Amino acid sequence: MCSDITGKPVPGAAPGSSELNFAPAVPIPDFLTGEIQSKLAYVDEHILAARVKEDQIILKIASAASLTPERQAELIEKVQRVVLSMAKGAFKPKVQVLEDHLDRRVPFRFDPMPELLASSQISQEANGLFVLGPLLTRLIAYFESQFIALADSFQAVPYRFPTLIPARYLERVNYFRAFPHSLTFATHLREDLQVIDEFAQHAACEHSELQTPPNSFAPIQALLSPAVCYHLYFALADQPLPRGQVVATAVGNCFRYEAINLTSLERLWNFTMREVIFVGAKEFVLENREIARQRMSQVFERIGLAYRVESANDPFFIGEFRKQAAFQSAFQLKFEIRARLPFKESTLAVGSYNYHQDFFGRSLNITLPDGSPAHTGCVAFGLERIAFAFVAQYGLDPANWPAEVREMGA
Amino acid sequence: MSTSETSILSQRVQSLLAEAIQVPGEMVTPDLSFGDLPQWDSLGHMEVMLRLEEEFGVAIDADTIAQLISIPEICRFLEDNGYVQ
């Protein structure tokens, strides 16, 4: 099944790591290499990095994993499970581009991260956790003003949602099956004096990990919320939709654990999302999603953002990926706003236009006046990401920013 | 294709669909559409597509996935793609 396997320390590998190089069980089509590469982050705790090509997989393994032949075989078997599950019989997605402004001229070409760090405009607390200083905070406030204006144009009603979300909510919308890899759990100490006393005496951090006495924690009732709009759907659950339609908006902290994929401000564990959410009949949701896209197109033109809007799929986990991703693609349910990152000639998703059909209406029993399940959709913007993409295109000096952004106080 | 052949094809598709979405055969009527049963959801639909590819040897692309949303549509697609009894 596998050829060209090496499991020894290699000159190019990072100190204290080995490289494992082998062929995938089936050829990996181009459109899946990125998806599979990102999933390999979750295959084994000792994988430091992964690279996937059509006919080759390269893993960088921590030396602590002591790469014996048995260990190699185990790692390769786990990787091949991912490859087979995602690539065998995969449906080729239909890529539809709704807008293409990637060639818009932008003045900056460098990775802004080193300068952001050096000038203390950001500081890293841990993997995927960053503090943003005044420059990015003001920039985000500017983008927020644009997104709130979009919400106002629909007379969206404002909501504030908790950062935690009950586990039973996520279970009801199949989240545990679709995205188990990115969950972040919340818990607390058991309500027991001895447990709390022992924790207080012995809890200590070893490196970045909290060491605690065994059985300290209560069963998990809540998680850190992975999205904003779910809270609205639950608030509307098990009842007829008021006046047959709702447009709402909210901003909130979201959490998606992405293991070794957590890099720079491009991919955060804890990020902020502004959403405008539509609930109602199919036509209502689809029309408003399209109107929102057109309105944002004008905003991005004023800002001078280089970006493209193209069809996409959510990062479903391995078991559901092949079917769910193909379904989303076939029915054109998700379009991402992908901003250009000139320093790496790549793009970054900074927002998305989503249509869920009647999935939430059915799952949560949200009904239209005729008794049929409501349809839902949302427009979502990642605030840290859009700020990062902007400084990647325009740099950190506001003097080089478009007047619109500069003059709004950002 | 004659009416009886169409009917035989429809029955075969109904049976495939019932297995794919794991419901009793009598729940799958000849005019059933995507979403009529909770089991014919996104995952169920893709299971139907995979089984159609396997059983009828047809290639289904992304455009087609979005069109095959009822039993009559599926039958029409199979007929157009040279399915013969």
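Which residue of strand 3 of chain A does A:Ala49 stand opposite? Select A:Ala49, then look across: the residue there is A:Lys60.

A word on ground rules before moving on. This is a predicted model, where local features need pLDDT of at least 70, side-chain atom pairs count only at pLDDT 80 or more, and totals for chains, interfaces and linings use all residues. Residues are numbered from 1 along each chain as its sequence is written, while chains are lettered from A and ligands numbered from 1 in the order in which they are written.

Now select residues 57-62, which is strand 3 of chain A, together with strand 2: the two pair in the antiparallel sense over five bridges (pairing takes at least two DSSP bridges between two strands).

Next, zoom out to the whole of chain A. You'll find 13 helices and 20 strands (DSSP runs: H or I of at least four residues for helices, E of at least two for strands, numbered from the N terminus). The C-alpha atoms fill a box of roughly 65 × 55 × 50 Å along the principal axes.

Finally, colour by burial: 38% of the 410 residues are buried (20 or more other C-beta atoms within 10 Å of a residue's own, with C-beta atoms placed from the backbone).

How values were computed. Buried ≥ 20, exposed ≤ 12 C-beta atoms within 10 Å, placed from the backbone.
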